[in-house]
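This briefing is meant for a reader who is meeting the structure for the first time. Please look it over below before reading on.

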Amino acid sequence: MALHDRLAVVDALLARPFPETEEREGTSREVWEGYRSSGPDHHVCYLMASRDFWDDRGEEVVEAAQAEIDAALQELAAALTTRWGAPRVVDLWPQGEAAAPAPLDELGQLTSTMLAWRRPDAGRWVALAVGQADPEFPVLLLAAVGGTPLD
């Protein structure tokens, strides 16, 4: 997926209404890119996925995959920063005993931080993150849109 395609996905997530109940698309473990979950006040989409590491977890293989995903993150983050200004870094690690609201709970299972841009005109925020569920799973570039406060 090229930069303009990733931007189109972000724009579509911003425009898409939040459903009343949880929804998931593309749940097959073999099809990471394009996976989407939505619910009241949120959407999460996997924009890019590296290969998985079941057969080869060598340092060079993992670093190359991470570098490719990081480059895509930086390119997309630069485009969003041009649109909306500098992002805020949001810590996704749990604060206290209360469960984090969706989609922060979902993202927090994959990564510890995300970059977020507030869209007051849309009443939503947009976030990007890089995450990985387990060392054998692909490294993912994630986009999220939420309507709940980040503080």
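Which residues of α1 are buried? In this predicted model, they are R6, L7, V10, L13 and L14. The points below take up that helix, and then the aromatic rings and the charges over them.

**Helix α1**
- Helix α1 runs over residues 3-15, which makes 13 residues, and it reaches 18 Å from its first C-alpha to its last, close to the 18 Å expected at 1.5 Å a residue.
- The buried residues of α1 fall within an arc of 120° when seen down the helix axis, so they line one face of the helix.
- An α-helix has 3.6 residues a turn, so residues three or four places apart point the same way.
- On the other side of α1, H4 and A15 are exposed.
- The cover over the buried residues of α1 includes the helix α2 (59-84) together with the strands β2, β3, β5 (113-119), β6 (124-131) and β7 (140-146).

**Aromatic pairs**
- The structure holds 2 aromatic pairs, and in one of them the ring centres of Y35 and Y46 are 4.6 Å apart with their planes at 45°, so this pair is tilted.
- Y35 lies in the loop between β1 (23-25) and β2 (36-39), while Y46 lies in strand β3 (residues 42-49), so the pair ties together parts that are 11 residues apart in sequence.
- Y35 counts as buried at 11% relative accessibility, and Y46 is also buried, with a relative accessible area of 8%.

**Charges over rings**
- R57 lies over the face of F53, at 5.6 Å from the ring centre.
- R124 lies over the face of F18, at 3.7 Å from the ring centre.

Methods. Residues are numbered from 1 along each chain as its sequence is written. This is a predicted model: local features need pLDDT of at least 70, side-chain atom pairs count only at pLDDT 80 or more; totals for chains, interfaces and linings use all residues. Side-chain values use heavy atoms; hydrogens and water are left out. Rings of Phe, Tyr and Trp (its six-membered ring) pair if their centres lie within 6.5 Å; planes under 30 degrees apart count as stacked, over 60 as edge-to-face and the rest as tilted. Helices (H or I, at least four residues) and strands (E, at least two) are DSSP runs, numbered from the N terminus. Buried means under 20% relative accessible area, exposed over 50%, partly exposed in between (1.4 Å probe, protein chains only). A charge sits over a ring if NZ of Lys or CZ of Arg is within 6 Å of the ring centre and within 35 degrees of the ring normal. The expected span of a helix is 1.5 Å times one less than its number of residues. The arc is that of the directions from the helix axis to the C-beta atoms. Contact means heavy atoms within 4.5 Å.
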